[in-house]
Amino acid sequence: MQSFDHDAPTKRVSTPPMAASAMKSSTIKTRQSIGETSPLSQSEFALPYRRSHPTAASLYASTFSPPGSRSQSPVGRPLSTRTTSGSVFGANLNNGLALAAAAGDSPGDPLNIILRAFVPHVAIYTSEDTDALLKGKGFDRGLWELLRPFGERVQGKVIVRDSNGSSRVYEDYSLHFTRFGEGIVHPEPTAAWVKSSPGSGSNGVPGRPNEPARPSGGGTIAEVEAVVDRHLTYAEESFFGAPHSPTNHGFSVDVPSPYYALYLRRLLSGLPLTPHETFAHPVACVTAISSRNQAPIETLRRLYTESSTGEKRLPNWVDGEFLRYYVLVHDEERDDITRSMSLFDQMKRNLGLHCHLLRIRGTRSLATDDDSIPLPRCEWMSAAEELEDLRESEDHEEYEDPTKYIFESDATAIRTFIREMVTQSIIPTMERHVSAWNDQVASKRRGLAGRFVGLTRRWGFGSNSRSSVSGSGSGSNYDSLGFYRSDTPEAIMRKLADYAFMLRDWKLAYSTYDILRGDFNNDKAWRYHAATNEMAALSLLIMPQNLSSKARAETIDAMFEAAHYSYLTRCSAPYGALRCLSLGLELLRLRGGSSIDDAARWGIRLLESKVLGSVGDALIKERLAVCYASKEGLGTQAWGSRRRKSALWNVLGAETWLAQSKFIQAQRCLNEARKTYSDLPTDDGIDKFSYASAFMLSIGQQLNENMESADQVEDETDDEEHETVDEESEALGGGRRRAGSLGFPGGATANLESAPLRSQMGASEEEQEDEEEDEDEEDEEDDDDEEEEEEEEEEEEEEEEDDDDEDEDSEDEDEEDEDEEEDQARKRERARTKDPSEAKDDFG
């Protein structure tokens, strides 16, 4: 049996080089030992362009390098210290003080992804002239497409005050821009007669069927899996199409795989506009007109009426008292700034101080312009949107690079506009709402008096007329259409808790969620109940508070269990169950200590629920391996660590990736498992387990076979391409082989050295000298070949003579052996014929 601790077979290097490295070498295949291969978590791929569509490489930029890398910063990323330490067996309390610290320094960190997902949403509603102006700049989807990338990180520091009046400073605050009225998911009615009604809309208009598993805008779990699968496939194709070189990155539990970070981002991107949670409800609405408008004030009033009471109004379970922010878009190149300033002053007098004059250039910016900069690709687009872009790049042969460019002056103006809107309008408005709702609504439900009010509502005392007519039970405000109206105490408190979460006031958010859990349970509003339990558990885990094992079992586990059961069994919402347990796994892992075992338990529960696809199943197995590897042990023997379990989940992850033909990821998991087993003491290794050793050996053999076959196919393709290049160069008569570029970013020919050109007059003479030198070298080689043949013939004659002598000696030795055998046979016959009485005993 082959050992997997020290004598494992060598493996291919699993990381392609940087894009600007050099050309493909199809004859040399570099292989590397296990200790040099990169493990699973540091999946750093610097991928070249895809051959069929070179311009589509920008679509896969999010997995070129780990999300935590900061290539443009001269200062490297500091070591993560947020995973708290404690007793391995849970004797000491887990400290959560450092959980939210420095989260903005690691964009791919799961906690940072959570903080950037649940942020204020700002709707965009523009006039026709504004859309025409932006379309002339190359943005077909209007102002929303231009502003969206800049909202993902607000420039400068943002100061937020919590419910106690203390101020906190954040440098990583962000917001999401959405198009007004999109992504609405209507609730499912609770009454049978409402379900059968064809025109029962929640806002008085014909309703659309409920799709509980759709996050927003047509996004599903299947679409999230499809996006990540395409990124993985692109990495596989690029790996076998590029030379291999070793990597210097080791195993790290702090930096997740770029594919897992992409999976979480797409899972949390484009949150739906639903009644059971208000994160996607607009905190503000940007109403914009351009300086080309001939009736600006009348247009603004028309847009306001359409968005509040007209056809574009939101459902009645959305609070319509959100902030109205008015923007005048001025064209610097075609319109008069004096007229725009006068109009802007008129807007402030009639509409209030929440106004802004955005000055941009109306022409399209090109990459060749001096002051143009590329517009960053939005990281928080929905899975359906990215999947559509990827399919378009695959279906169209002449696919153009989707990267857009803007003038640097426009980018500065947009950053200033967003910072001013966030710091002077959005944050203060949210703080005022939180203070008012907390004093007027939530405070009445806290304490002994609040508990008494809850009991009276539960048993039907003090019910109002609305609840008695539309509620599902006595004393309930839950409408038979499946939602709470925006003016009910439950809806206001849910919005209060979500606002507190977005402002990072974890204590207020948890206390409000905790009150609502019982109310929704009594009203049997199961989707509200599941979402509230989920956010209560997440708020408690992010909160800087020590949690013992008993406290986690009584609170965290109970909340996750209630949320998971309600999402799956009562609501048939697999998306909610996946989001709940995946985020809970990551936050429990960050707390360290005995919380890591709880995180792994919920991860296994997620695998058993069968809500994941094939890609998600493999990614969660990788995270379970990382989760167990992050648990530190005590002493030199690391008592209490989970290294063997980490290796086990790496092996299972390799098996899952191999079944999907994702050989790079399978190899990383298998190499990390081998490395973990080799670091263990000899007695604790895997050699004594024959079935496990054979299982790992079979996976390794399958990997080698599949990767070698893929290399052979790639070599044949490269040979055909090189032959085509040679024929073309011969037809041109240049005599020099043409080096074709693989389409790497920045140009792969930038590192190629060129020899000085020769003059035409001296070219013929140099060619003649080269031919004479070649003839002399051939004559010398022929003489050397004749001498070598003569020497070989003499050596063969000597070897034949030696063989003859050895044969004669062997014959003599055979004759002597035969004589000895005959003498021994005669002695045996004499012994048999001898009289036994003549024999002597041993004592004489």
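Asp557 and Arg601 form a salt bridge, with their closest N and O atoms 3.1 Å apart; the term stands for a side-chain nitrogen of Lys or Arg within 4 Å of a carboxyl oxygen of Asp or Glu. The pair links distant parts of the chain, 44 residues apart, with Asp557 in helix α16 and Arg601 in helix α18. Helices here are DSSP runs of H or I with at least four residues, numbered from the N terminus. This is a predicted model, in which local features need pLDDT of at least 70 and side-chain atom pairs count only at pLDDT 80 or more, while totals for chains, interfaces and linings use all residues. Residues are numbered from 1 along each chain as its sequence is written, and side-chain values use heavy atoms, with hydrogens and water left out.

Are the two partners buried or partly exposed? Asp557 counts as buried at 15% relative accessibility, whereas Arg601 is partly exposed with a relative accessible area of 39%. Buried means under 20% relative accessible area, exposed means over 50%, and partly exposed lies in between (1.4 Å probe, protein chains only).

Among the buried residues of α16 are Arg552, Ile556, Asp557, Phe560, Ala562 and Ser566. The buried residues of this helix pack against α14 (506-523), α15, α17 (574-591) and α18 (595-608). Just after α16, Ser572 has a positive phi of about 55°.

Helix α15 (residues 526-542) contains His529. His529 is buried, with a relative accessible area of 8%. Its side chain makes a polar contact of 3.5 Å with the side chain of Ser566. A polar contact is a pair of N or O atoms within 3.5 Å; within protein, one must be able to donate a hydrogen and the other to accept it, and residues adjacent in sequence count only if both atoms are side-chain atoms. Leaving aside neighbours within four places in sequence, His529 is in contact (heavy atoms within 4.5 Å) with Arg517, Phe520, Asn521, Ala562, Ser566 and Arg570.

Salt bridges occur elsewhere too, and their count comes to 35. In one of them, Asp519 pairs with Arg445, the closest N and O atoms being 2.7 Å apart. Asp519 lies in helix α14 and Arg445 in the loop between α10 (408-440) and α11 (447-458), so the pair ties together parts that are 74 residues apart in sequence. Asp519 is buried at a relative accessible area of 5%, and Arg445 is buried at 16%.

Another salt bridge joins the side chains of Asp597 and Arg642 (3.3 Å, N to O). Because Asp597 lies in helix α18 and Arg642 in the loop between α19 (614-629) and α20 (643-659), this pair ties together parts that are 45 residues apart in sequence. Asp597 is partly exposed, with a relative accessible area of 24%. Salt bridges that share partners also join Glu277, Arg494, Asp498, Glu534 and Arg579 into one network.

Thr130 belongs to helix α2 (residues 128-136). Thr130 is buried, with a relative accessible area of 0%. A 3.0 Å polar contact joins its side chain to that of Ser127. Apart from neighbours within four places in sequence, Thr130 is in contact with Ala288, Ile289, Ser290 and Val329.

Notes:
Helix = DSSP H or I, 4+ residues; strand = E, 2+ residues; numbered from the N terminus.
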